[in-house]
Amino acid sequence: MLLDTQFLIELERELDARATGPAAVDLKLVFDYTHPDAEPVHELTLKFEAGNVPPLNLGDEKSFAVAVTAERLTCTIQLKLIGDNLTGTFHFDEQPATLSPHLDQLAKKVPTQVVEVLKDVFTAIRTVEGDVDLSGTLLRPRVKLHSEIGHHVAGGLKTALTHQVDRGRDQLESRLNDQV
């Protein structure tokens, strides 16, 4: 325990800070030692919003990578620590997002059609959003990631493949018309 319990009676401190500028930040910290017979409760809430976010590079340039740029990034973090037990969430949202795949190395290994499909898939995605759930203890946290990016990629893949099939059908139709 950080403080001797005789000094903990009715000791609760709260810090609430807001800042604006290139980013808007809202921070709230609560340190609660008001119940000497119970574990102390500490809470952190952070809201962050910024524009013109630097690009986020995901993946490996040697195999497959994607650069994510967005006009606006919004993050919300909520953490609660009771004794050593940790719970919390982290939500992030980048909109409107632009995903640019780096396919230079991949293009050498796969057919051109595959590269075109991948470009179509990633350029169709306009939002990068997700949640991270935290649980466990301070020394052994558990993390779960939830994101809609898989659904976006699946939808983009469906659109891209439909586009490729339509293009192939048009080419086949044109060849058949030329032969007739």
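Trainee: Where does Asn 52 lie?
Mentor: Asn 52 lies in strand S3; strands here are DSSP runs of E with at least two residues, helices are runs of H or I with at least four, and both are numbered from the N terminus. The model is predicted, so local features need pLDDT of at least 70 and side-chain atom pairs count only at pLDDT 80 or more, while totals for chains, interfaces and linings use all residues. Residues are numbered from 1 along each chain as its sequence is written, and side-chain values use heavy atoms, with hydrogens and water left out.

Trainee: Is Asn 52 buried or exposed?
Mentor: Asn 52 counts as exposed because its relative accessibility is 74%; exposed means over 50% relative accessible area, buried under 20%, and partly exposed in between, using a 1.4 Å probe and protein chains only.

Trainee: What about its phi?
Mentor: Asn 52 has a positive phi of about 50°, although Asn 52 is not a glycine.

Trainee: Which residues does Lys 47 contact?
Mentor: Lys 47 also lies in strand S3. Setting aside neighbours within four places in sequence, Lys 47 is in contact (heavy atoms within 4.5 Å) with Ala 24, Val 25, Asp 26, Cys 75 and Thr 76. The C-alpha atoms of Lys 47 and Asp 26 are separated by 5.0 Å, although the two residues are 21 residues apart along the chain.

Trainee: Why is Lys 47 classed as partly exposed?
Mentor: Lys 47 is partly exposed because its relative accessible area is 44%.

Trainee: Changing topic, how many helices and strands are there?
Mentor: The protein has three helices and seven strands. Along the sequence they follow the pattern β-β-β-β-β-α-α-β-β-α.

Trainee: Why is the protein described as more spread out than a compact globule?
Mentor: Its radius of gyration is 25 Å, well over the 16 Å that the globule rule gives for 180 residues, so the protein is more spread out than a compact globule. That radius is taken over C-alpha atoms, and the rule is 2.2 Å times the number of residues to the power 0.38. The C-alpha trace spans about 95 × 35 × 25 Å along its principal axes.

Trainee: What share of the residues is buried?
Mentor: Buried residues make up 24% of the 180 residues. Among contacts with a separation of 6 or more, 53% join residues 24 or more positions apart.

Trainee: Where is Leu 145, and what does it touch?
Mentor: Leu 145 is in strand S7, residues 141-147. Not counting residues up to four places away in sequence, Leu 145 touches Phe 92, Asp 131 and Val 132. Leu 145 and Asp 131 are 14 residues apart in sequence, with 5.8 Å between their C-alpha atoms.

Trainee: Is Leu 145 buried or exposed?
Mentor: Leu 145 is exposed, with a relative accessible area of 60%.

Trainee: And where is Glu 148?
Mentor: Glu 148 is found in the loop between S7 and H3. Glu 148 is partly exposed, at a relative accessible area of 42%. Its C-alpha atom is separated by 6.6 Å from that of Gly 130, which is 18 residues apart from Glu 148 along the chain.
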